[in-house]
Amino acid sequence: MTSSNNPVVPQAREALDKFKMEAAREVGVNLKQGYNGDLTSREAGSVGGQMVKKMIEAYENSMK
């Protein structure tokens with residue numbers, strides 16, 4: 001069983017980290033490599049929400 005912190009494809013880790021950093025920049029959250037436990041719930045939620053928004057947009061664009 002894989003934990004939620006380990007992607008099924010290990011090579012995807014770098015791409016996911018890059019995607020997360022890009023989403024954080026877009027919503028104005030100062031995300032750094034490694035530990036980010038000092039983020040508020042609101043900041044972490046903003047980053048996650050932005051990632052989901054971008055994934056949905058990419059899927060919708062691929063359907064056109």
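Is D38 buried or exposed? D38 is exposed, with a relative accessible area of 54%. The legends below refer to a predicted model.

**Figure 1. Overall view of the protein chain, a fold of 2 helices and 0 strands.** The C-alpha trace spans about 40 × 30 × 20 Å along its principal axes. Of the 64 residues in the chain, 17% are buried. The accessible surface comes to about 5300 Å², and carbon and sulfur atoms account for 55% of this area. When contacts between residues at least 6 apart in sequence are considered, 35% of them join residues at least 24 apart. The chain carries 9 positive and 8 negative side chains. The centres of these two sets of charges lie 1 Å apart.

**Figure 2. Close-up of the salt bridge between D38 and K32.** The structure holds 3 salt bridges, and the pair shown here is one of them. The closest N and O atoms of D38 and K32 are 3.1 Å apart. D38 is exposed because its relative accessible area, 54%, is over the 50% cut-off. K32 counts as partly exposed, at 38% relative accessibility.

**Figure 3. Close-up of the salt bridge between K54 and E22.** The side chains meet with an N to O distance of 2.9 Å. K54 lies in helix 2 (residues 41-63) and E22 in helix 1 (residues 12-26), so this pair ties together parts of the chain that are 32 residues apart in sequence. The two partners fall into separate accessibility classes: K54 is buried, at 19%, and E22 is partly exposed, at 30%. The value for K54 can be read against the cut-off for buried residues, which is under 20% relative accessible area.

**Figure 4. Close-up of the salt bridge between E26 and K54.** Here the closest N and O atoms are 3.1 Å apart. E26 belongs to helix 1 and K54 to helix 2, so the pair ties together parts that are 28 residues apart in sequence. E26 is partly exposed, with a relative accessible area of 42%.

**Figure 5. Close-up of the network formed by E22, E26 and K54.** Salt bridges link these three residues. K54 takes part in the bridge with E22 and also in the bridge with E26. In general, side chains of opposite charge can pair when their charged atoms come close. Leaving aside residues up to four places away in sequence, K54 touches F19, E22 and E26.

**Figure 6. Close-up of a nonpolar surface patch made by V52, M55 and I56.** The area of the patch is about 270 Å². What is the relative accessibility of M55? The value is 47%, and M55 counts as partly exposed. K54, by contrast, counts as buried at 19% relative accessibility.

Terms used: Residues numbered from 1 in each chain as written. Predicted model: local features only at pLDDT ≥ 70, side-chain atom pairs only at ≥ 80, totals over all residues. Heavy atoms only, no water. Salt bridge = Lys/Arg side-chain N within 4 Å of Asp/Glu carboxyl O. Helix = DSSP H or I, 4+ residues; strand = E, 2+ residues; numbered from the N terminus. Buried < 20%, exposed > 50% of the residue type's maximum accessible area, 1.4 Å probe, protein only. Contact = heavy atoms within 4.5 Å. Areas by Shrake-Rupley, 256 points an atom, 1.4 Å probe, with all protein chains shown as cover. Lys, Arg positive; Asp, Glu negative; His and termini not counted. Charge placed at Lys NZ, Arg CZ, Asp CG, Glu CD. Patch = residues over 30% accessible without salt bridge, like charges linked within 9 Å, V, L, I, M, F, W, Y side chains within 5 Å.
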